[in-house]
Amino acid sequence: MASTFFVQKISANAPFLIGRGKDVDFPLKDASVSRHHAKIECIDGHWIFKNLSQTSGTLFEGKSIEEREIQNGDVFMLGLQQLRFSLKQGELSLSHVRSIEDVPAIPLTPGKAILLHRGTNDDDPGTILHPACPKVLAKAVLEKNRLKIVFEHQLLQRTQYLENHGTLKLPWCLLEFRDGNLFVHQKDIGFSLIVKDISVELSNKEILRDIRFSLPAGKILSIIGMSGQGKSTFLELLAGKVRKSKGSIHLDSINHEESDVRREIAYLPQEPLLRDSLTVIETLRLAARITLPKDYSSKETDDRAHALLQLLHISALEKCRVGVLSGGERRRVAIASQLMGAPGLILLDEPLSGLDPLNAKRLCAHLKILASKGHTVILTTHSYEALQVSDEVLLIHQGQMGFYGTPQDAFRFFNAEDPEGILETLSERTASNWTESGRGNAIEEPEPTPSFFPKVPRKNMFFYFFLLLFKQWFRDHGKAISLILQPMVIGFLLSQIFSRNSSLWVAAFALLLCANWFSLSLSVREIVQEKALLLDEFRKGTSPLSILSSKLIFTTFFALLETGIAYAFFADNIEVYPSVYLWGTILLTVLPASAAGLLLSTFAKNPGQANAFLPLIILPQIALSGALVPKDQTTGLAQILTHAVWTSFDLSALQNVFTGQNPAILDLAIPAGIAFLIYIIALIALETMKKAK
């Protein structure tokens with residue numbers, strides 16, 4: 001569809017062409033529009049609109065015109081396209097309101113439903129071309145002179161009604177009901193962006209202040225400025241990682257703070273967030289599972305992945321592991337991964353940093369291709385190469401706007417020839433000079449349109465992520481060998497220590513200590529080593545419940561396996577053999593320890609810090625278990641703290657098992673309860689962390 005929200009400023013320095021041709025300043029994809037349909041010029045401070053079309057012509061207030069001086073709020077019809085102009089303080093901007101009849105009407109008959117669905121042939125009524133739309137979205141039926149839209153899937157149990165001339169914006173299209181007909185306007189992938197008076201404070205320090213601009217969909221914006229001036233913070237704000245202190249941001253007239261909108265945004269930090277042990281195609285399949293509807297088949301997923309790999313010229317890397325790729329290849333894989341869900345806005349933080357000139361040029365060419373396909377792209381950069389492919393430039397200096405406009409206008413405004421020349425001119429007066437120029441005041445705000453973001457069902461992540469964990473662990477050969485070798489070495493040492501004359505109490509404590517160690521060592525780095533990546537996936541809709549559960553069960557299983565291997569070495573020495581109660585007790589030692597390791601991993605800032613805090617969990621299990629000093633001989637405080645240490649209950653249960661008795665129910669139930677409590681705390685922490693700070 002012709003976007004309802006394209007806004008473009010018009011320069012007074014040269015004639016501005018509108019039409020269907022490739023060489024115009026504002027293209028309109030409509031056969032009713034001439035190749036060169038109209039021209040706008042600024043003559044002696046007056047903006048003049050001139051009709052150039054000899055076929056469909058131009059209408060103003062229903063009458064054909066050849067020439068007219070533009071006034072604020074004027075609306076022109078070019079063929080079937082409706083344009084609105086905003087003239088404020090001498091600056092002119094153009095809004096592409098919408099197409100009137102540029103899509104075929106779908107006649108509606110009372111009681112006969114039209115199926116809205118994903119497809120590739122828009123000649124089929126009800127087809128939605130957007131790749132992220134569900135295969136079966138909704139049924140539309142005429143009911144009492146209004147349109148009733150019933151969303152089909154069980155997770156989309158909601159009905160919407162449209163009155164005559166009503167519209168409803170969905171993430172994948174815009175539906176219009178008019179005079180008994182349904183119009184499905186195919187949505188351009190990109191979002192238009194309206195940023196109005198945005199400020200950001202972090203730790204009581206104002207990082208950004210009064211940022212305001214408008215960016216049409218399908219355009220590239222480069223953000224430039226000195227280091228530490230707030231450029232990356234602005235991208236993090238758009239990505240939903242930080243919160244604004246004031247102002248507003250709208251994507252296609254929808255409030256940016258809507259969590260459903262943020263799922264349509266791709267954010268790539270300077271260091272791409274990728275799993276090194278996965279292959280390129282596996283990385284894209286995982287991204288598809290996170291961002292595409294549940295009804296995508298494996299063939300559809302691979303077809304889309306292969307198309308993106310071809311687009312970015314990395315098809316040859318399909319089966320390569322991410323960990324062996326170069327910096328430029330990793331960036332392109334990261335972009336392809338983010339594009340699987342057809343995001344409306346792509347944010348890149350210094351994407352050309354560290355690239356050689358050839359790869360930088362190639363990446364810029366890829367970004368230009370993405371913009372031509374409808375994606376809106378915003379990047380921070382110091383590169384002249386990036387400015388050459390950019391449509392707009394935003395300069396941020398000392399947290400404030402110092403310029404917004406085309407790259408050519410930026411060089412003229414700062415009397416510079418390259419980005420370095422612009423940065424050399426910056427001073428305390430930069431933001432004031434821009435404000436006093438008056439060029440940043442006029443912003444054309446979009447008309448509000450009713451919108452609805454259906455809850456699209458995604459594929460199950462629990463079992464899929466469980467499989468990915470297997471691949472990640474066992475492709476790391478050192479880790480896989482350690483997984484088997486460590487319990488064998490420890491088990492061998494214990495077999496040399498314990499005999500039939502050994503204390504069963506001490507043997508039980510040694511076994512439980514092994515179980516705790518195996519569990520904690522396996523789980524303590526599981527979250528922190530990929531936390532940034534996980535939080536990004538959570539913001540896109542991945543459930544922390546699925547990921548945390550898969551990691552808990554995975555580490556618990558292997559810790560139980562390692563404990564069993566170690567125990568097998570000395571079980572015959574102490575003449576205590578496996579039983580249901582024995583394995584149950586070990587499981588209830590491993591489970592809370594794995595949960596505790598994941599909780600510590602959730603709060604740790606890096607793997608080194610997680611390892612450093614490991615003794616804070618291990619030592620209480622030793623000191624308060626009752627193995628070193630009987631519980632009744634410890635202080636009152638120690639006896640209270642004992643109830644928070646699962647090993648103290650497990651030790652009591654295992655001692656009963658070793659002596660041929662059944663363990664007490666409480667000795668089994670309390671460790672299970674502790675594990676559940678720790679798990680819930682970790683889950684809440686992850687849910688909290690994914691929200692903007």
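Reader: What share of the protein chain counts as buried, and what makes a residue buried here?

Author: In this predicted model, 55% of the 693 residues of the protein chain count as buried. A residue is called buried because its relative accessible area is under 20%.

Reader: Which residues of helix α8 count as buried, and what do they pack against?

Author: In α8 (residues 407–414), the buried residues are Pro407, Asp409, Ala410, Phe411 and Phe414. They pack against helices α7 (384–389), α9 (419–424) and α10 (430–437), and against strands β29 and β30. Just after α8, Asn415 has a positive phi of about 55°.

Reader: Why are α13 and α15 called roughly antiparallel?

Author: Helix α13 (residues 504–523) packs with helix α15 (residues 544–574) at an angle of about 155°, the axes being 8 Å apart. Angles over 145 degrees count as roughly antiparallel, so α13 is roughly antiparallel to α15. The crossing of α13 past α15 is right-handed.

Reader: Which residues make the contact of α13 with α15, and how do they divide by class?

Author: On the α13 side, they include Leu504, Leu511, Phe518 and Leu522. On the α15 side, Phe558, Glu562, Tyr567, Phe570 and Ile574 are among them. The residues of this contact divide into twelve nonpolar, four polar and one charged. Glu562 belongs to the contact, and Glu counts as charged.

Reader: What makes α16 and α20 roughly antiparallel?

Author: Their packing angle is about 165°, with the axes 9 Å apart, for α16 (residues 580–603) and α20 (residues 646–658). The cut-off is 145 degrees, and angles over it count as roughly antiparallel; α16 and α20 are therefore roughly antiparallel to each other. Their crossing is left-handed.

Reader: Which residues form the contact of α16 with α20, and of what class are they?

Author: Helix α16 contributes Tyr581, Leu582, Thr585, Leu588, Thr589, Pro592, Ala593 and Ala596. Helix α20 contributes Trp646, Asp650, Ala653, Leu654, Val657 and Phe658. By class, there are eleven nonpolar, two polar and one charged residues.

Reader: What makes β26 and β30 the edge strands of the open sheet of six strands?

Author: The order in that sheet is β26-β27-β28-β23-β29-β30, with mixed pairing. Strands β26 (265–268) and β30 (400–405) each pair on one side only. From one strand to the next, the twist averages 15°.

Reader: How do you know that β29 and β30 pair?

Author: Two strands pair if at least two bridges are found between them. Strand β29 (residues 392–397) and β30 have five bridges, in the antiparallel sense. In one of these strands, β30, Gly405 is the bridge partner of Val393.

Reader: Which strands of the six-stranded sheet does helix α1 touch?

Author: Helix α1 (residues 231–239) packs on that sheet and touches β23 (220–224), β26, β27 (345–349), β28 (376–380) and β29. The direction of α1 makes about 150° with that of β27.

Reader: What is the order of the open sheet of four strands, and which strands are at its edges?

Author: The order is β22-β21-β24-β25, and the pairing is antiparallel. The edge strands, β22 (205–215) and β25 (254–255), each pair on one side only. Strand β21 (residues 193–202) pairs with β22 over seven bridges in the antiparallel sense, where at least two are needed. In β22, Lys205 is the bridge partner of Leu202.

Reader: Where does α1 lie relative to β21, β22 and β24?

Author: Helix α1 lies across β21, β22 and β24 (246–251), and runs at about 110° to β21.

How values were computed. Residues are numbered from 1 along each chain as its sequence is written. This is a predicted model: local features need pLDDT of at least 70, side-chain atom pairs count only at pLDDT 80 or more; totals for chains, interfaces and linings use all residues. Side-chain values use heavy atoms; hydrogens and water are left out. Axes are lines fitted to C-alpha atoms, for helices over the stretch in contact, and angles run from 0 to 180 degrees between N-to-C directions. Helices (H or I, at least four residues) and strands (E, at least two) are DSSP runs, numbered from the N terminus. Angles under 35 degrees count as roughly parallel, over 145 as roughly antiparallel, 65 to 115 as roughly perpendicular and the rest as oblique. A crossing is left-handed if the near helix is turned anticlockwise from the far one by less than a right angle, and right-handed if clockwise. Contact means heavy atoms within 4.5 Å. Buried means under 20% relative accessible area, exposed over 50%, partly exposed in between (1.4 Å probe, protein chains only).
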